[in-house]
Every structure is written in C-alpha cells, then in structure tokens.
Amino acid sequence: MSERPEDLPEDSRFAVLASGSGSNLQALLDAYPGHVAVVAGDKEDAFAFERARLAGVPVEHVNPIGFEDRKDFDRELADRIAAYDVALVVGAGYMRVLSAVFLERFPAVLNVHPSLLPEFKGLHAVRRALAVGVGQTGVTVHFMVEEVDAGPVVAREAVPVLPGDTEDTLLERLHPVEHRLLVGAVADYFTGRVMV
Ligand code: GRF
C-alpha cells in the first residue's frame with residue numbers, strides 16, 4: 001500500500017472472517033497491528049489462518065460439519081467471536097452466507113465484494129463480469145445484511161476490464177483495490193465517518 005493508513009482509536013478491536021488465502025486479512029493486519037482481535041472461519045486449512053498465526057492473532061475455526069443447520073453454526077461462530085469483545089466484524093473472503101443469528105450479535109459487519117454492487121452479486125462475480133463482457137467492474141465494501149451482497153455501501157471503486165483480461169489478470173488488479181478500500185472502510189467505521 002502506498003499511503004500510510006491512519007491510526008485507529010486505541011481501543012478499536014475487530015474480528016476478521018476469512019475462508020481463503022487471506023490477502024485482504026493481510027492488508028488489515030499490516031495496516032492495523034494490534035487491532036485485529038481474532039480471525040475466524042470455516043476452513044481449517046485456509047491460508048488466512050496461517051497469516052493470523054504468523055501475526056500472533058488468535059484463530060477460531062468452526063467446522064460446519066456437525067451442525068444441524070446454518071443458524072446453529074452461525075450461533076457458535078458468533079459466540080466464539082463475541083468472546084473477544086469486538087466492535088466490528090470484517091468479512092474478508094468469507095465464503096458462507098451469514099444469517100441474522102450472527103449479524104444481530106455485532107454492532108456492524110463489513111464485507112468486501114469484487115464487483116460494483118448491485119451488479120454481479122454472489123459467487124464468481126469476476127468470472128461472470130468477464131462472461132457478460134462489461135467494460136468495467138470494480139470493488140464494493142458494504143455493511144452486511146441478511147440479503148447477500150445487498151447492504152449499505154461504504155466504498156466503491158471501478159476497475160476497467162482490459163482486452164484479453166482473464167479472471168486471474170483482472171483479479172490481480174482488483175485485489176489491491178479491495179485491500180485499499182477495506183482498510184479505508186475500517187478507519188471510516190472506527191472514526192465515525194460511516195455508521196450502520
Ligand atoms: C476477494 O476477492 C473478496 O472480494 C472475495 O473473496 C476474495 C478473497 O480474497 N469475497 P483473499 O482471501 O482476501 O485473498
């Protein structure tokens with residue numbers, strides 16, 4: 001990141017939910033050391049967990065196997081995270097839909113999505129944007145609500161689709177934008193510039 005992120009108020013503590021490689025998590029760990037209270041998720045072998053451990057941040061893995069339904073899983077996930085007393089949860093490549101049982105437990109839950117919402121909600125947003133042949137796509141950071149990828153927008157930025165782009169090349173250009181917008185949105189939340 002080229003710009004230095006601003007300092008968060010000292011007592012700002014947030015949780016990050018991740019299921020994958022965790023590059024967004026890494027951007028948050030780098031920008032706000034000491035403020036990520038816990039990293040939680042459903043995939044035990046997610047590289048995001050490794051990044052958390054390397055940063056000395058506790059990890060909470062909840063295995064979806066063994067839960068009757070999504071609500072029971074979400075209740076357990078919320079219980080585990082709530083124990084860390086966080087004021088915000090950030091979805092950073094968390095690949096499960098969160099139910100109200102989870103969302104209602106925290107003051108705010110942010111999410112990053114690789115499209116200009118409301119376009120291309122849901123999975124494989126980049127692949128579908130390329131298939132349709134749009135001239136631009138982008139990144140949206142928004143507050144999560146029960147409806148998937150539909151909550152109030154905190155930040156949005158367009159990224160052009162270039163001739164010959166593949167999912168990989170386009171993702172490569174979207175990722176730094178995701179990282180910058182997500183880091184900015186966390187600061188916006190904790191400094192009161194955005195509210196749910
Ligand atoms: C990002 O593209 C995010 O927008 C999507 O999942 C991806 C996660 O990437 N929801 P990473 O695990 O943070 O590298």
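In the side chain of Asn24, an N or O atom is 2.8 Å from an oxygen atom of the ligand. Such polar contacts are pairs of N or O atoms within 3.5 Å; within protein, one atom must be able to donate a hydrogen and the other to accept it, and residues adjacent in sequence count only if both atoms are side-chain atoms.

Residues are numbered from 1 along each chain as its sequence is written. Because the model is predicted, local features need pLDDT of at least 70 and side-chain atom pairs count only at pLDDT 80 or more, whereas totals for chains, interfaces and linings use all residues, and side-chain values use heavy atoms, with hydrogens and water left out.

**Strands**

Helices (H or I, at least four residues) and strands (E, at least two) are DSSP runs numbered from the N terminus, and two strands pair if DSSP finds at least two bridges between them. Strand S1 (residues 14–17) runs parallel to S4 and is joined to it by four bridges, with Ala15 having Val89 of S4 as its bridge partner. Four bridges also join S1 to S2, again in parallel, and here Leu17 stands opposite Ala40 of S2. S4 is in turn joined to S5 by three bridges, the two strands running parallel, and Val89 stands opposite Val109 in S5.

In a regular strand the side chains alternate between the two faces of the sheet. In strand S4 (residues 88–91) both faces are covered, since Leu88 and Val90 on one side and Val89 and Gly91 on the other are all buried, a word that here means under 20% relative accessible area, with exposed meaning over 50% and partly exposed the range in between (1.4 Å probe, protein chains only). Strand S2 (residues 36–41) is mostly covered, six of its six residues being buried.

**The segment before S1**

Leu8 has its place in the segment before S1 and counts as buried because its relative accessibility is 8%. Leu8 and Thr191 are 183 residues apart in sequence, yet their C-alpha atoms are 7.2 Å apart in space. Ser12 is also found in the segment before S1 and, with a relative accessible area of 4%, is buried. A polar atom of the Ser12 side chain lies 2.7 Å from the backbone oxygen of Pro9.

**Helix H6**

Helix H6 (residues 167–190) has 24 residues, so at 1.5 Å a residue it should span 34 Å, and this agrees with the 33 Å between its end C-alpha atoms; the expected span is 1.5 Å times one less than the number of residues. H6 bends by about 25° at Arg173, with a proline, Pro176, following within four residues; the bend is the angle between axes fitted to the seven residues ending at a residue and the seven starting there. Just after H6, Gly192 takes a positive phi of about 80°.

**Salt bridges**

The structure holds twelve salt bridges, each being a side-chain nitrogen of Lys or Arg within 4 Å of a carboxyl oxygen of Asp or Glu. Some of the pairs are listed below.

| Pair | N to O distance |
|---|---|
| Asp79 and Arg105 | 2.9 Å |
| Lys121 and Glu147 | 3.5 Å |
| Arg127 and Glu167 | 3.1 Å |

The salt bridge between Asp79 and Arg105 links distant parts of the chain, with Asp79 in helix H3 (residues 70–82) and Arg105 in the loop between helix H4 (100–103) and strand S5 (109–113), 26 residues apart. Asp79 counts as partly exposed at 39% relative accessibility, and Arg105 is partly exposed with a relative accessible area of 36%. Arg127 and Glu167, which also form a salt bridge, lie 40 residues apart, Arg127 in helix H5 and Glu167 in helix H6. Arg127 is partly exposed at a relative accessible area of 42%, and Glu167 counts as partly exposed at 25% relative accessibility.
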